[in-house]
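User: I want to learn how to read a model like this one. Please take me through it feature by feature.

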Amino acid sequence: METTKRKRTREEVRAAVRETIRRKKEWIEKTNKEFEMIRNGELKLKYS
C-alpha cells in the first residue's frame with residue numbers, strides 16, 4: 001500500500017491526489033484554449 005511505503009498519512013495521500021487532479025484540469029483547460037485559438041486562426045502550429 002502506498003501509505004505504508006512512503007510513510008504518508010491517508011490525508012496526505014488524498015491531498016496529493018487532489019493536487020494532481022487540479023494540475024491535470026489546469027492543463028486540459030490550457031490545451032483546450034490553445035486548440036480553440038488554432039481553430040480561430042489566432043495561433044499557428046510550431047513544428048520542431
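Analyst: Start at a turn point. Just after helix 2, Gly41 adopts a positive phi of about 80°. Helices here are DSSP runs of H or I with at least four residues, strands are runs of E with at least two, and both are numbered from the N terminus. This is a predicted model, in which local features need pLDDT of at least 70 and side-chain atom pairs count only at pLDDT 80 or more, while totals for chains, interfaces and linings use all residues. Residues are numbered from 1 along each chain as its sequence is written, and side-chain values use heavy atoms, with hydrogens and water left out.

User: How many helices and strands does the chain have?

Analyst: The chain has 2 helices and 0 strands.

User: How do I judge the span of helix 2?

Analyst: Compare the end-to-end distance with an expected value. The expected span is 1.5 Å times one less than the number of residues. Helix 2 has 30 residues and runs 43 Å from its first C-alpha to its last, close to the 44 Å expected.

User: What share of the chain is buried?

Analyst: Buried residues make up 6% of the 48 residues. For the surface, areas come from the Shrake-Rupley method with a 1.4 Å probe, and for residues only the protein chains shown count as cover. The chain exposes about 4,900 Å², and carbon and sulfur atoms supply 55% of that area.

User: Which backbone oxygen does the side chain of Thr31 reach?

Analyst: Here the idea is a polar contact: a pair of N or O atoms within 3.5 Å, where within protein one must be able to donate a hydrogen and the other to accept it, and residues adjacent in sequence count only if both atoms are side-chain atoms. The Thr31 side chain reaches the backbone oxygen of Trp27 at 2.8 Å. Thr31 is in helix 2. Thr31 counts as buried because its relative accessible area is 15%.

User: How many salt bridges are there?

Analyst: A salt bridge is a side-chain nitrogen of Lys or Arg within 4 Å of a carboxyl oxygen of Asp or Glu. The count comes to 6. One of them joins Glu11 and Arg18, with the closest N and O atoms 3.1 Å apart. Glu11 is partly exposed at 44%, and Arg18 is partly exposed at 49%.

User: Which residues are linked in a network of salt bridges?

Analyst: Glu19, Arg22, Arg23 and Glu26 are linked in such a network. Take its pairs in turn. Arg23 and Glu19 meet at 3.8 Å, N to O. Both lie in helix 2, 4 residues apart, about one turn of the helix. Arg22 and Glu26 meet at 2.4 Å, N to O. Arg22 and Glu26 are separated by about one helical turn because they are 4 residues apart in helix 2.

Terms used: Buried means under 20% relative accessible area, exposed over 50%, partly exposed in between (1.4 Å probe, protein chains only).
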